[in-house]
Amino acid sequence: MRLLAPAALCLTAACTTVGGEQADRMISPVLTTAEARDEYTFARPEIARVTHVDLDLALDFRAQTVGGTATLDIAAASGAQEIILDSRGLQISGITAPGGSQIPFTVGETIAGKGEPVTVRIGDARQITVNYTSGAGADALQWLAPQQTAGGEHPFMFSQGQAINNRTWIPTQDSPGIRQTWHARVTAPATLDVVMSGIRQGDAQDVGGGRRAFTFTMDQPVAPYLIAVAAGDIDFRPLGPRSGVWAEPATLDRAAAELVDTEAMIDAAEGLYGDYRWGRYDMIVLPPSFPYGGMENPVMTFLTPTFIAGDRSLTGLVAHELAHSWSGNLVTYASWRDGWLNEGVTSYLENRISEVVFGDTRAGQERALSYAGVVEAVEELGANAPGTALRTPDGLDPLDYNSTITYDKGALFLHTAESIVGRDRFDPWLRSWFDRHAFQPATSAMFLADLRENLIGGDAALEQRLMLDQWVYGTGIPANVARADDQAFAAVDAAARAYGADRTLDAQAWTGWSAAEQMRFLQTLPQTISAEELARLDRTLNLSATGNTEVKFLWLQAGLRNRYQPVVPQAEAFLASVGRNKFVEPLFRTLTEQGEWGQPIARRIYDRTRPTYHSFTRGKVDRLLGVTG
Ligand code: BES
Ligand code: ZN
């Protein structure tokens, strides 16, 4: 592996900064191996790269744009004359050097999905200021009308950078291997609070015109997709000495109650993988149009409200986003082809945290659900399908990955390695991997090389037993897989068999089951069920009334799959209030699979709900229904 040599890139403070006040900032190296190359950036970091971003921005709710200036610190090879930034639709009005003189730049041709390169003729300048606003309909930003919030009185906005959306609101090099520190001053209408994925500096300042300014800083170099902002009528509630939650006032009590285990999760993660290195761990619960379950924005995880079940049964989500503070944020994939390195490793960490905080039973069940998912996905895709490899092979689009492979097969790889090596050796190694690569980009090859060097040593027998290359580059499920305990759901599986055999249902048992158990039961129901049977299931188990969105989702799927008319209004209400793609896309898919019955229903519902969805969810469902946006 080759890191950019400091000499070649002039990485010392003297030649990277203009003022000198930034001399202490950490500069993270960029990898230059073919394996680390990111095909989604226009940047050429080996010539010139951004090391620090300073934003001064206004949130304009009327125009639905973000605009102002971005001042970029640049490290460049000696003699470098230009730097290439990533943009998708940015409206750039000018770029200046520190003295204020204009710097020439050109905006290249747009490539679908990727956007356009902005080539800036920096000459000797090593700091530039870009004057700009985001374009119309910037993909990273969602602007919500008051009626899309719980309070119903104030607008709301949030950004979602991952994967390559931050180039629609920040003019920088938008590639996960080009880490940057950042600082931001953001103004918003005075009725709103602003949060970002950085540590807030002091109180909001009144700046006149009915607006306030908020200041944030991130002193650790992060992948630029991790810069995030949200603004709304939100309040804060502490959860522990270093954690807390932001949410709309109407949601805050329920959110805080659901999140009481947060400090225990941080402690558990630290016990396994070393100090939490980001200072605070806060969360914001967003309105239900947030297209994901969660997003691991540093110091400020973004969460869907659909994880609030009232019984803490879906807080594995929080363990997951917290775990990214090690896998993903501390050590980050250099290219999107190594998705598993962030998400698979995180899913493994999530399960280890879950085990400490919730115990063996819950963790074992979560592992069993995940394992069953991998087996099913590999059956469906085919054991030789290139898409079942952890590292996305050439020829496949790494942004169009199968999450069961990336997340669950990725986690299964680590569970398998752990069970072969033993926790006493595997845990310290994984912890040391995070330490050795902290605040740096990484690749699959680096992960395997590190394992070989620091764990396997020269032990040829162990090397053979681990089957590392098969796991990362091979397809299907390698022969050495550590199977999940097939007794994890013994009672539920027996109940599902009884139901399959003679339609026996035990309402009392159902009520006593955990969310994971209820989900397992619904997942193992026969595919075809009559309307009478669905009505009886609903009556007996009270499925329509469940407050658990994961359970509700499976119930709606079962109903729609069987063209069960009474479930349609429920599905419509659900799709009108929830924008999380994990639920929305599959429900629309099930409807479209139901031909003449389902397709008109899908179109009717989508006509109404489409404007309420985030661009990510909208893009997915547009594709499914053949709608051209
Ligand atoms: N980083 C992901 C979300 C993401 C992935 C956004 C890829 C954009 C592109 C986040 O950590 C995540 O995995 N969320 C899951 C949580 C679940 C696995 C517990 C989600 O949103 O469902
Ligand atoms: Zn994740």
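Tutor: Let's begin with a word we'll need: buried means under 20% relative accessible area, exposed means over 50%, and partly exposed is in between, with a 1.4 Å probe and protein chains only. This is a predicted model, where local features need pLDDT of at least 70, side-chain atom pairs count only at pLDDT 80 or more, and totals for chains, interfaces and linings use all residues. Residues are numbered from 1 along each chain as its sequence is written, chains are lettered from A and ligands numbered from 1 in the order in which they are written, and side-chain values use heavy atoms, with hydrogens and water left out.

Student: Which residues of helix α18 are buried?

Tutor: Helices (H or I, at least four residues) and strands (E, at least two) are DSSP runs, numbered from the N terminus. In α18 (residues 568-577), the buried residues are V568, Q570, A571, E572, F574 and L575. They pack against α16 (531-541), α17 (549-561), α19 (581-593) and α20 (595-609).

Student: How do I read a nonpolar core?

Tutor: It's a set of buried Ala, Val, Leu, Ile, Met, Phe, Trp, Tyr and Cys residues joined through side-chain atoms within 4.5 Å. The largest one here has 187 residues, and L430, F447 and F521 touch the most other members. Helix α8 (residues 403-421) gives this core its largest share, eight residues.

Student: What is F447 in contact with, leaving aside its neighbours within four places in sequence?

Tutor: Contact means heavy atoms within 4.5 Å. On that basis F447 meets W340, L341, F413, L414, W429, L430 and W433.

Student: And sheets?

Tutor: Two strands pair if DSSP finds at least two bridges between them. One open sheet here has four strands in the order β8-β9-β15-β11, paired antiparallel. Because β8 (141-144) and β11 (193-196) stand at the edges with a single partner strand each, one side of each has no neighbour in the sheet. Four bridges join β8 to β9 (residues 156-159), and L144 has F156 as its bridge partner in β9.

Student: Which residues are closest to ligand 1?

Tutor: Being near a molecule takes a heavy atom within 4 Å of it. Of the 15 residues surrounding ligand 1, the closest are Q162, G293, E296, E321 and Y407. A polar side-chain atom of E296 lies 2.6 Å from a nitrogen atom of ligand 1, while for E343 the distance to a nitrogen atom of the ligand is 2.9 Å.

Key
A polar contact is a pair of N or O atoms within 3.5 Å; within protein, one must be able to donate a hydrogen and the other to accept it, and residues adjacent in sequence count only if both atoms are side-chain atoms.
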